[in-house]
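Here is a short report on a protein and its ligand. Look over the sequence and the structure before reading on.

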Amino acid sequence: MQYMLGKHDLTGCRFLDIGCGSGIFSLAANMLGAEYVESFDYDQNSVQATLAIRQRYGIAVEKWHIQQGSVLDSQFMQTIGMADVVYSWGVLHHTGSMWAAIQAAAQKVQPGGVFALSIYNEVHNPIMTSARWLKLKRFYNQAPTLVQRGLEALYAAAFIAVDAAKFHNPLTTIQRYNRDEQRGMDFWHDVRDWLGGYPYEYANPGAIFTFLHKEMGFELMYLNTSYGSGCNEFTFRRPV
Ligand SMILES: C[S@@+](CC[C@H](N)C(=O)[O-])C[C@H]1O[C@@H](n2cnc3c(N)ncnc32)[C@H](O)[C@@H]1O
């Protein structure tokens, strides 16, 4: 997060975490000295996880406000204040209306503030295109449990084959996942996350740049592109 924001210190900043998930980035913002952190998520379990983190770290309610809400709910968004940093990692492509969500999030950036987001990359490689991912995820989500377990086994087998083809030891890779060194979730959660994360949308970096720069007037400060179907990371500044 420090790398994306180009800052190691958020002293005096108002930080808005849209789709806070476990709350880990909001916690980081608190630790970096943010004056006020506002976190929300559509999912009640995520809200509970974030509340639990706030309690575990003993952070005052007045400094860190957490609630349930959707970035697509315009009435709810009217209740959210402007922020110096709007942060939304891996969220807006899961809302079912990605461009509307990007616009709603960008509107909460104070002039002079920044908007950091990550969005799934659009891929067209011969083996797996983004359009095929979309079909696979849709199918997985509608399938009966037994079929879902079968798809998970197939996905895991494909993962192991690809890892072995790169001359890695798949067992070591999986053990690294399970020790939380890879993505903060064990291997099977990661398999289910890749197959199940739906709604799912994607965009190439140029499309995000065109939307936020050409249509909304933001300036690009940072870009980290993915080789595959993972997330591209962007940080934009809203001119004063
Ligand atoms: C992949 S998780 C990312 C969580 C967190 N940002 C992180 O990086 O750890 C996506 C999150 O977006 C949330 N989400 C999906 N649709 C949303 C919406 N319309 N408004 C707010 N949050 C939403 C999900 O509930 C989920 O917690």
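## Model

The model is predicted. Local features are described at pLDDT of at least 70.

## Ligand site

The ligand is surrounded by 16 residues. The closest are Gly19, Asp41, Ser70, Val71 and Trp89. Sorted by class, this shell holds eight polar, six nonpolar and two charged residues.

For tryptophan 89, a backbone N or O atom lies 2.9 Å from a nitrogen atom of the ligand. For valine 71, a polar backbone atom is 3.1 Å from a ligand nitrogen. For tyrosine 42, the distance from a backbone N or O atom to a nitrogen atom of the ligand is 3.3 Å. How much of the ligand does the protein bury? Taken alone, the ligand exposes 600 Å², and the protein buries 79% of that.

## Helix pair

Helix H5 spans residues 98–106, and helix H10 spans residues 205–215. They pack with their axes 11 Å apart, at an angle of about 45°. H5 is therefore oblique to H10. Their crossing is right-handed.

## Backbone features

Most residues other than glycine have a negative phi, and most peptide bonds are trans.

Proline 199 sits in the loop between helix H9 (187–196) and H10. H10 is also the partner of H5 in the helix pair.

The other place is phenylalanine 167. Phenylalanine 167 lies in the loop between helix H7 (145–165) and helix H8 (170–178).

Key. Residues are numbered from 1 along each chain as its sequence is written. This is a predicted model: local features need pLDDT of at least 70, side-chain atom pairs count only at pLDDT 80 or more; totals for chains, interfaces and linings use all residues. Side-chain values use heavy atoms; hydrogens and water are left out. A residue is near a molecule or strand if one of its heavy atoms lies within 4 Å of it. A polar contact is a pair of N or O atoms within 3.5 Å; within protein, one must be able to donate a hydrogen and the other to accept it, and residues adjacent in sequence count only if both atoms are side-chain atoms. Accessible areas come from the Shrake-Rupley method with a 1.4 Å probe; for residues, only the protein chains shown count as cover. Ala, Val, Leu, Ile, Met, Phe, Trp, Tyr, Cys and Pro count as nonpolar, Asp, Glu, Lys and Arg as charged, and the others, Gly among them, as polar. Axes are lines fitted to C-alpha atoms, for helices over the stretch in contact, and angles run from 0 to 180 degrees between N-to-C directions. Helices (H or I, at least four residues) and strands (E, at least two) are DSSP runs, numbered from the N terminus. Angles under 35 degrees count as roughly parallel, over 145 as roughly antiparallel, 65 to 115 as roughly perpendicular and the rest as oblique. A crossing is left-handed if the near helix is turned anticlockwise from the far one by less than a right angle, and right-handed if clockwise.
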